[in-house]
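Work through the exercises below with the sequence and coordinates open. Each task is followed by a solution in steps.

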Amino acid sequence: MSASKTVPPLHVLRGILRRLKIKTDLVDNTKFPSPTRNFVLHQYRASQAETSPEKIQELRKVAYEYFTLQQEIAERSRLHRMDTGAELQLSPRELSRRAAARAGLQLPDLNPELEKDLNR
């Protein structure tokens with residue numbers, strides 16, 4: 001069963017609007033409402049009158065895919081910000097540890113004699 005079938009449409013709508021709000025927090029939304037937000041709300045309201053099950057399923061799938069796309073782009077931006085300039089701020093050992101952690105791995109402990117050489 002697809003995730004777009006199990007997640008209620010209202011949850012997807014709220015998730016999309018939440019992402020749009022985060023993106024447009026710098027602008028006063030009371031004076032200048034986001035055109036994207038207005039479009040999303042208009043599409044949601046227009047789809048409420050839809051009776052064809054195939055069309056409803058297609059609209060849900062499009063909305064869910066847009067929602068997941070927004071989440072993935074936000075996560076990629078977050079990771080990019082974390083890595084920007086890291087090679088200048090962190091030691092090679094810490095860079096390796098973080099890269100391994102992102103991949104779900106742990107670096108083994110070094111031989112104590114080698115660690116003394118690295119700390120010199």
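**Exercise 1: the largest pocket**

Classify the residues that line the largest pocket as nonpolar, polar or charged. Then locate the pocket among the helices.

Solution. The model is a predicted one.

1. The lining divides into 15 nonpolar, five polar and two charged residues.
2. In total 22 residues line this pocket, and those nearest its centre are Gln43, Tyr44, Ser47, Leu59 and Ala63.
3. At least two lining residues come from each of H2 (9–23), H3 (35–47) and H4 (53–83).
4. H4 supplies the largest share, seven residues.
5. The space in the pocket is about 580 Å³.

**Exercise 2: helix H4**

Compare the span of H4 with the expected one, and list which of its residues are buried.

Solution. 

1. H4 contains 31 residues.
2. The expected span is 1.5 Å times one less than the number of residues, which for H4 gives 45 Å.
3. From first to last C-alpha, H4 reaches 45 Å, close to that expectation.
4. Taking buried as under 20% relative accessible area, the buried residues of H4 are Tyr64, Phe67, Thr68 and Gln70.
5. After H4 comes glycine 85, with a positive phi near 80°.

**Exercise 3: the whole chain**

State how many helices and strands the protein has, and what share of its residues is buried.

Solution. 

1. The count is seven helices and zero strands.
2. Of the 120 residues, 15% are buried.
3. Among contacts with a separation of 6 or more, 63% join residues 24 or more positions apart.

Technical notes: Residues are numbered from 1 along each chain as its sequence is written. This is a predicted model: local features need pLDDT of at least 70, side-chain atom pairs count only at pLDDT 80 or more; totals for chains, interfaces and linings use all residues. Side-chain values use heavy atoms; hydrogens and water are left out. On a 1 Å grid over the protein atoms alone, a cavity is a set of points where a 1.4 Å probe fits but cannot get out, and a pocket is an open set with protein on both sides within 12 Å along at least five of seven lines; lining residues have an atom within 4 Å of a point. Grid points are joined across faces, edges and corners, and a volume is the space filled by probe spheres set on the points. Helices (H or I, at least four residues) and strands (E, at least two) are DSSP runs, numbered from the N terminus. Ala, Val, Leu, Ile, Met, Phe, Trp, Tyr, Cys and Pro count as nonpolar, Asp, Glu, Lys and Arg as charged, and the others, Gly among them, as polar. Buried means under 20% relative accessible area, exposed over 50%, partly exposed in between (1.4 Å probe, protein chains only). Contact means heavy atoms within 4.5 Å.
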